[in-house]
Amino acid sequence: MRTLFFNGNIHTMNPDQPLVQAFLEEDGFLREIGGSELCRLPHDRQLDLAGQTVLPGMGDTHLHLLHLGQKLGGIDVTGAGSMEEIAHKVREFIACRHPAAGQWLDAQGFNQDLFAHRRIPHRQQLDEITSEYPLVLTRICGHLAVCNTLALETLGITAQTPQPPLGEFEIGEDGRPNGVFKEYAIELLQQNRPAPSLEQVKHWLLLAMEHAASRGLTFVCSEDFETIPDCDYQMVMQAYHQLQNEGKMPLRVVQQCILPTMDKLNTFLRQGYRSGQGNDWYRLGPLKLLSDGSLGARTALLRQEYQDQPGEKGIGIYSAQQLTELVCTAYRAGMPVAVHAIGDGAIQRVLDAIQTAMEQPGPAPRQPHGIIHCQITDAALLDRICRMGVQVYAQPVFLEYDLHMAESRVGRQLASTSYAWRTLLESGAKIAGGSDCPVEPLDPLLGIYCAASRMDFSGQPEGGWNPAQRLTTQQAVELFTTRAAQAAGLADCGSLRPGACADFAVLSEDPFTTPVSQLNKIRVRQTWCGGQRRY
């Protein structure tokens, strides 16, 4: 069927035809774009866009769909301003859902910086919420979690329990674990849980994808393999393949394959899996690794001590040798890497590993190696990223929170050269946008706003934080369209042109004529992917 979409304000993000009024879709692809002359071409139906603004379907280059779906169906404490508010939400969940005795409760999204005292809670505070259910409270960054005493007792975790190799749990002044777990130590809190069914995993993924489609997204790069205990990568892939075969995929997914150990990576490779396998609806992407933690939890790895916590430099999840071995192994298999690195110490370590891998003989992966987040940088690191051709998967929406605490964490001088997206863009670096949802809201328009304004959602600070790094609206939109498609390896997405996928979003306002301070007020009215309306 040939469908004509006409009478639109259509920004194609294609420099050869940047603004058109109509396009012709057939079998999920665009056949022609242009003006009113397209109305004379043969078509089976026509849809009047009524002057509304259209953008190419937007992309998110790093998020967690399975985690989001699980969160949408659980206890969400995002934005809570106190432990009292968190307690109210947990107790409300118990009162409404009546969980069975001993059922684990997971509350996700707390941020201690929103509390008046700004302190991370400990097990005794969670005991006051409930001593009848094992309770785990996960920080919004996902790099720190707190549990109550019953959870520790149920799992048999004591001060004598060996510390995990890629994380740590804290011991309190009483010589017992205080309930705070960091990085891969969080996995200890996921032991002995009931395994999810395949149908449950499909349900969570579909919840998340439908939510993404409602925000104008038509393609995402998602990390799902290590999200839920007893849900291995084969179950995740099976869930996606079944959803695709059932015609339920509302958008395209590139899997960022988190395989954190040599054993897991080698097993994956021995089983014949490689980046690029799949199709335009679901395909395997780069190897995903975590090299450090988060700035908010002070687990991001810095080269110097934290300004607001002397003696603390964060956590390096791998030694330099371990990280290099993983990156080189992936490289030899033709698999690019996308490594989470927030602190300047972690970024330097990742660049060193990538440099070593690139010096190996043999063909390079088809997609460039990349750094996810890439927040705390100095001029030398920025220059090196550009020279090496490393892909940066940036999250502009991080600024909404980070601009209020970055200087206190790393000092004014280092903060002034961090989150430096304009410097990267103008130096010719590869950079694309994402959200890290559910760490931050899943909405590319909020990312566009933060990139172009450098302000939080209330419009502060006036003029923007480190305003020299503000992007133009055009540059900000490119992060989530053309540049996102390039980073995802989806050549037929990100712009509207003949032969491209018929993926687009209809917006309430035109971002190119909307004041930058109002970009976060724009809403998505419709989302189309593969020529079908998904929202």
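I started with a polar contact: the side chains of Gln360 and Arg332 are joined at 2.7 Å. This is a predicted model, so I'm reading every value as computed.

Where does Gln360 lie? I found Gln360 in the loop between helix H9 (344–358) and strand E19 (370–373). Gln360 has a relative accessible area of 18%, so I put it down as buried. Skipping neighbours within four places in sequence, I listed Cys328, Tyr331 and Arg332 as the residues in contact with Gln360.

Next, the helices. I looked up H1 (residues 65–72) against H5 (residues 198–213): their axes come within 7 Å and cross at roughly 95°. That makes H1 and H5 roughly perpendicular to each other. On the H1 side I noted Leu65, Leu66, Leu68, Gly69, Gln70 and Leu72 in the contact, and on the H5 side Val201, Trp204, Leu205, Leu207, Ala208, Met209 and His211. Sorted by class, this contact of H1 with H5 has ten nonpolar residues, three polar ones and no charged ones.

Last, the cysteines. How many disulfides does the structure hold? I got zero. Cys221 is in no disulfide, and its nearest cysteine sulfur, in Cys493, is 10 Å away. Cys221 counts as buried, at 2% relative accessibility.

Definitions and conventions:
Residues are numbered from 1 along each chain as its sequence is written. This is a predicted model: local features need pLDDT of at least 70, side-chain atom pairs count only at pLDDT 80 or more; totals for chains, interfaces and linings use all residues. Side-chain values use heavy atoms; hydrogens and water are left out. Axes are lines fitted to C-alpha atoms, for helices over the stretch in contact, and angles run from 0 to 180 degrees between N-to-C directions. Helices (H or I, at least four residues) and strands (E, at least two) are DSSP runs, numbered from the N terminus. Angles under 35 degrees count as roughly parallel, over 145 as roughly antiparallel, 65 to 115 as roughly perpendicular and the rest as oblique. Contact means heavy atoms within 4.5 Å. Ala, Val, Leu, Ile, Met, Phe, Trp, Tyr, Cys and Pro count as nonpolar, Asp, Glu, Lys and Arg as charged, and the others, Gly among them, as polar. A disulfide is a pair of cysteine sulfur atoms within 2.5 Å. Buried means under 20% relative accessible area, exposed over 50%, partly exposed in between (1.4 Å probe, protein chains only). A polar contact is a pair of N or O atoms within 3.5 Å; within protein, one must be able to donate a hydrogen and the other to accept it, and residues adjacent in sequence count only if both atoms are side-chain atoms.
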